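Take a walk through a protein model, one region at a time. Keep the sequence and the 3D view side by side as you read.

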Amino acid sequence: MKGTMIGLEVHVQLSTDSKLFCSCPTKGSDAEPNTRVCEICLGMPGSKPVLNKKAVDFALKVALALNCELNTEFFFSRKTYFYPDLAKDFQITQYEVPVGKNGFAEVDGKKIRLRRIHLEEDPASLVHESGARKSAYSLVDYNRSGIPLIELVTEPDMQSPAEARRFLDTLLTTLNYLGVYAHGASVLKVDCNLSIDGGSRVEVKNVTGFRAVEAALGAEEKRQRSVVDSGKKIEMETRGFDEASQSTYLMRKKETEEDYGYITEPDLPKVVVDSKWLSSVKAGMPELADSKKKRFMREFGLSEYDASVLASDKGLAQVFEETAKADAKIAARLVSRELAGILNYNRVKLGETKVNGKGISELVLLVKGSKVSDKNAKESLIKYVLEGISPKEFLEKNNLLIDVSSSDLEGIVKETVKENSSAFSEYKSGNEKSLNFIIGLVMRKTKGKANPKQVQEILGRLR
Ligand SMILES: [Zn+2]
């Protein structure tokens with residue numbers, strides 16, 4: 001078999017209010033260490049876990065959104081291992097029967113198959129004062145212990161690090177639409193596996209962040225190629241990714257699943273998702289990115305590009321829908337190109353700004369009525385994103401709305417032509433630069449309040 005095969009195991013913290021098996025709060029990760037804990041998430045003898053139904057709802061939603069077959073009857077298992085991040089020496093997870101299986105996500109028209117999606121508890125976090133590989137000791141913070149996670153396991157269907165990154169982008173969009181993921185509050189943790197040309201599979205453990213996943217896979221692919229090129233065989237092993245040197249390093253020869261000694265969790269009853277429960281979950285499913293994109297193309301006549309940009313971000317899609325009434329084409333252009341570009345350039349998320357549908361609608365109407373130049377419209381959007389001043393307010397305050405009457409404008413154009421007769425004759429002989437020069441002068445005279453298209457029309461008449 002030729003080529004690169006990549007599979008991912010993605011761990012996502014669910015944004016429930018309380019932990020998976022106790023009522024400790026999940027929020028406030030900045031709280032003092034070991035203050036959001038109880039006997040259950042500390043694994044004290046005799047404590048009994050109680051399942052958080054909301055976490056099951058969230059996991060079912062993710063499974064539905066990713067086209068999985070659902071298991072409506074499932075149970076939990078203990079995955080036994082000895083490590084200080086789990087006080088009770090086992091993690092409660094799902095092994096034999098996951099919430100969902102055999103799903104897929106569509107990435108650029110290609111199906112990436114999902115083997116399974118299951119629920120489990122997050123272990124505690126270990127704090128290494130001077131880096132994981134140098135510290136003489138580790139501190140343990142159990143605030144994270146017991147936060148609900150879903151683990152998604154893909155088939156090795158991705159063929160390049162870039163494709164793996166796009167899969168993660170698609171996944172994140174879906175999680176955001178479902179509202180099950182606390183953006184910014186938690187990081188996606190990914191175990192990546194990669195093989196080349198049908199060789200042994202190497203796992204790169206615990207990579208955090210999308211850019212790091214792409215980089216780790218790129219580095220591992222390169223390493224395997226050079227091992228093969230030197231005539232050696234790839235060994236099955238587990239590696240880590242070192243961000244600083246952008247390379248992977250050997251952690252251990254791979255252990256097998258059986259090493260964990262899974263047993264059924266005796267303290268939790270079997271979960272049965274009956275039809276009433278399932279229909280309430282289904283009723284709560286939002287419109288997802290792909291159907292939204294298709295609807296935007298159908299309903300508003302948008303190009304596929306504009307529709308994808310808008311649908312790929314829940315917030316942008318919402319702003320667009322609120323402004324489309326004013327004028328769908330102008331709204332699509334302002335939101336998918338200008339606004340998205342400004343956010344991107346300044347590395348700001350829409351949710352961090354004061355930008356809303358009302359403010360953008362006002363701008364759409366001004367653009368539609370030719371009351372603002374493209375340059376000033378963009379300027380007002382920048383102010384809106386960075387300073388929270390609505391475009392209309394900004395344009396009014398700074399006298400940037402086009403309100404020069406036609407007769408006044410004609411006078412100003414004639415005057416400018418008179419003062420710049422040589423530029424005007426160059427324009428008459430077809431010089432584009434001279435045309436722009438004269439328009440620029442008129443715009444300056446009118447303090448940007450004239451419509452450049454109208455100025456050009458008048459010049460055309462005077463020619
Ligand atoms: Zn607790």
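Start at N67, which is partly exposed because its relative accessible area is 36%. Buried means under 20% relative accessible area, exposed means over 50%, and partly exposed lies in between (1.4 Å probe, protein chains only). N67 sits in the loop between helix 1 and strand 2. Helices (H or I, at least four residues) and strands (E, at least two) are DSSP runs, numbered from the N terminus. The phi of N67 is near 60 degrees, a positive value in a residue other than glycine. Most residues other than glycine have a negative phi.

A word on the source: this is a predicted model, in which local features need pLDDT of at least 70, side-chain atom pairs count only at pLDDT 80 or more, and totals for chains, interfaces and linings use all residues. Residues are numbered from 1 along each chain as its sequence is written, and side-chain values use heavy atoms, with hydrogens and water left out.

S370 also has a positive phi, near 50 degrees, and is a residue other than glycine. Look for S370 in the loop between helix 9 (357-368) and helix 10 (374-387). S370 counts as partly exposed because its relative accessible area is 35%.

Now find the metal. Which residues are the protein donors of the zinc ion? They are C22, C24, C38 and C41, each through its SG atom, at 2.3 to 2.4 Å from the ion. Donors are N, O and S atoms within 2.8 Å of the metal (3.2 Å for Na, K and Ca); water is not among the atoms, so sites may look incomplete. The four donor atoms make angles of 102 to 115 degrees, and the zinc site is tetrahedral. Four donors count as tetrahedral if all angles lie between 85 and 135 degrees. The ideal angle for four tetrahedral donors is 109.5 degrees. Along the chain, the zinc donors follow the spacing C-x1-C-x13-C-x2-C. C24 and C38 link distant parts of the chain: both lie in the loop between strand 1 (4-13) and helix 1 (53-65), 14 residues apart. Both C24 and C38 are buried.

T16 lies in the loop between strand 1 and helix 1. Is T16 buried or exposed? T16 is buried, because its relative accessible area is 1%. Contact means heavy atoms within 4.5 Å. Leaving aside neighbours within four places in sequence, T16 is in contact with T26, K27, N52, K54, A55, F58 and P148.

Next, trace the sheets. Two strands pair if DSSP finds at least two bridges between them. Strand 1 and strand 11 (residues 189-196) run antiparallel and pair over eight bridges. There, T4 has I196 in strand 11 as its bridge partner.

Another open sheet has three strands in the order 5-4-15, with antiparallel pairing. Strand 5 (90-93) and strand 15 (263-264) are its edges, each pairing on one side only. Strand 4 (residues 77-80) pairs with strand 5 over four bridges. K79 stands opposite Q91, and T80 stands opposite F90. Two bridges join strand 4 to strand 15, where S77 has T264 as its bridge partner.

Finish inside. A nonpolar core is a set of buried Ala, Val, Leu, Ile, Met, Phe, Trp, Tyr and Cys residues joined through side-chain atoms within 4.5 Å. In soluble globular proteins, nonpolar side chains tend to be buried together. The largest core here has 105 residues, of which L8, V10, L152, F167 and F320 touch the most other members. Helix 8 (residues 328-345) gives the most to this core, with 10 residues. A second, separate core of 15 residues includes A423, V442, A450 and I458.

Notes. Tetrahedral: all angles 85-135°; square planar, octahedral: opposite > 155°, others 65-115°.
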